[in-house]
Amino acid sequence: LLAGLLVPRVVTACEDIYVFNLEDMLSRGDMVLVDVREPYEYNDCRIPGSMNVPVSVLSKRAAGIDGKKAVIVYCASGRRSMKACLMLEQQGFKAYSLNGGIKAYYNTGGKLEGSCKGAPGFRYSKEGMVIRPDAQMPPPEQEIKGCK
């Protein structure tokens, strides 16, 4: 109880959205997708249709984001996007943070633009199964005589 009084809690109004909701939200046309990673990350690999406004310059460049639309921000895994989400809300935007970032988007089958050299060699289907296009099935275990 005492620790709760001494350690301030971070209160956030930003809502997380999940990758399965992203396309539905964007298809309505009243959202804008902002990648808050650094330009070298964005140029390597990005979610199609996103614009790049790094969190390091977001407070200076937020005016370039359409304020009439809600903003969905993403980064690599979700940490920077939560910071960006709070910054945007303080400037009057309605902002959402993409839970899990570009990694979650890719790992659930989302298509990416760019070379994506750092993308994982596997991803998950919407059913949660691992998709490995280049993987072979492991050899069956040999039966040990006397055991079935």
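Two strands count as paired if DSSP finds at least two bridges between them. Helices (H or I, at least four residues) and strands (E, at least two) are themselves DSSP runs, numbered from the N terminus. In strand 6, the bridge partner of I17 is L98.

Good morning. The model under discussion is predicted: local features need pLDDT of at least 70, side-chain atom pairs count only at pLDDT 80 or more, and totals for chains, interfaces and linings use all residues. Residues are numbered from 1 along each chain as its sequence is written, and side-chain values use heavy atoms, with hydrogens and water left out.

I begin with strand 6, residues 95-98. Strand 1, residues 15-17, pairs with strand 6 in the parallel sense over 3 bridges. Strand 5 also pairs with strand 6 in the parallel sense, over 3 bridges, and there S97 is the bridge partner of V73.

Which way do the side chains of strand 6 point? A95 and S97 point one way, Y96 and L98 the other way, and all are buried, that is, under 20% relative accessible area, with exposed being over 50% and partly exposed in between (1.4 Å probe, protein chains only). In a regular strand the side chains alternate between the two faces of the sheet.

I turn now to the interior. A nonpolar core here is a set of buried Ala, Val, Leu, Ile, Met, Phe, Trp, Tyr and Cys residues joined through side-chain atoms within 4.5 Å. The largest has 18 residues, and those with the most contacts inside it include V34, V71 and L88. Strand 2 (31-35), strand 5 (70-74) and helix 5 (79-90) each supply at least two residues of this core, with helix 5 giving the most, 4 residues. A second, separate core of 16 residues includes C45, I47, Y74 and I102.

Finally, the charged pairs. A salt bridge is a side-chain nitrogen of Lys or Arg within 4 Å of a carboxyl oxygen of Asp or Glu, and the whole structure contains 6. E41 and R80 form one, with the closest N and O atoms 2.9 Å apart. This pair links distant parts of the chain, E41 in helix 3 (residues 39-44) and R80 in helix 5, 39 residues apart. E41 is buried, at 17% relative accessible area, whereas R80 is partly exposed, at 27%.
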